[in-house]
Amino acid sequence: TCYPIDGMQVGVPVQTREIHTIGSYDYYTDGRTLMRVSADGTPENLSETVADGVKCMISCEDGLLVHNANNGNFLYYIEESGKIVELYSVPCIYAVSAVNVHGKDVFLSFKRFEKEGLFGSYMRFKNDTLEGTYRINLDDYSVEKISDEIYNGLFIFDDTGIYASDEDCHVYKLDFEGNVIIKLRESK
């Protein structure tokens, strides 16, 4: 939903679909499903290739990144040719993840849950060595775990590093290798 602004006046909200054009295709989400529209206007449901889930799309230098925030099929990359590459996934029934892009590197941080607990809660995997923060290269699709720390927010404003927040409201500045440069805020 967008609110048009004219000077000091806020207009009536307008519902619009977020569309990304990559190569000769347009991409958008329809609920939890990724859709592709060819140049002739033919829509294609991509559920067979990209798992359904709560999605966000991030434009990259040479393609489109699709992030499923709450399931184990975290990241897909759509090349200019229309080829879809699954970048990273893990088995789980639920996950919490954050993602951001810097140049040709995608940064992903996540925790995952194995089963349902009491009263609608979820239980994490015990001694999980997969959880943490990763760097994925968009040139060769290589994946490298750069930290065991889990962040629920990754923010990149420039070439100096990543601002990362965790679930305890701590805020850090990281280098692009996942090392903490400075702790900016500590919750008490």
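These legends describe close-up views of aromatic rings in a predicted model.

**View 1. Y77 and Y141 form a tilted aromatic pair.** A search of the whole structure finds 13 aromatic pairs. Y77 has a relative accessibility of 4%, so it counts as buried. Y141 is partly exposed because its relative accessible area is 24%, and the buried range ends under 20%.

**View 2. F157 and Y163 form a tilted aromatic pair.** Their ring centres are 5.6 Å apart. The angle between the planes is 50°. F157 has a relative accessible area of 64%, so it is exposed. Y163, at 23%, is partly exposed.

**View 3. Ring pairs build a cluster from F74, Y88, F110 and Y134.** The view takes in these four residues, linked through their rings.

**View 4. R36 lies over the face of Y25.** The distance to the ring centre of Y25 is 4.6 Å.

**View 5. R112 places its charged end over the ring of F125.** Here the charged end of R112 is 3.8 Å from the centre of the F125 ring.

Conventions:
Residues are numbered from 1 along each chain as its sequence is written. This is a predicted model: local features need pLDDT of at least 70, side-chain atom pairs count only at pLDDT 80 or more; totals for chains, interfaces and linings use all residues. Side-chain values use heavy atoms; hydrogens and water are left out. Rings of Phe, Tyr and Trp (its six-membered ring) pair if their centres lie within 6.5 Å; planes under 30 degrees apart count as stacked, over 60 as edge-to-face and the rest as tilted. Buried means under 20% relative accessible area, exposed over 50%, partly exposed in between (1.4 Å probe, protein chains only). A charge sits over a ring if NZ of Lys or CZ of Arg is within 6 Å of the ring centre and within 35 degrees of the ring normal.
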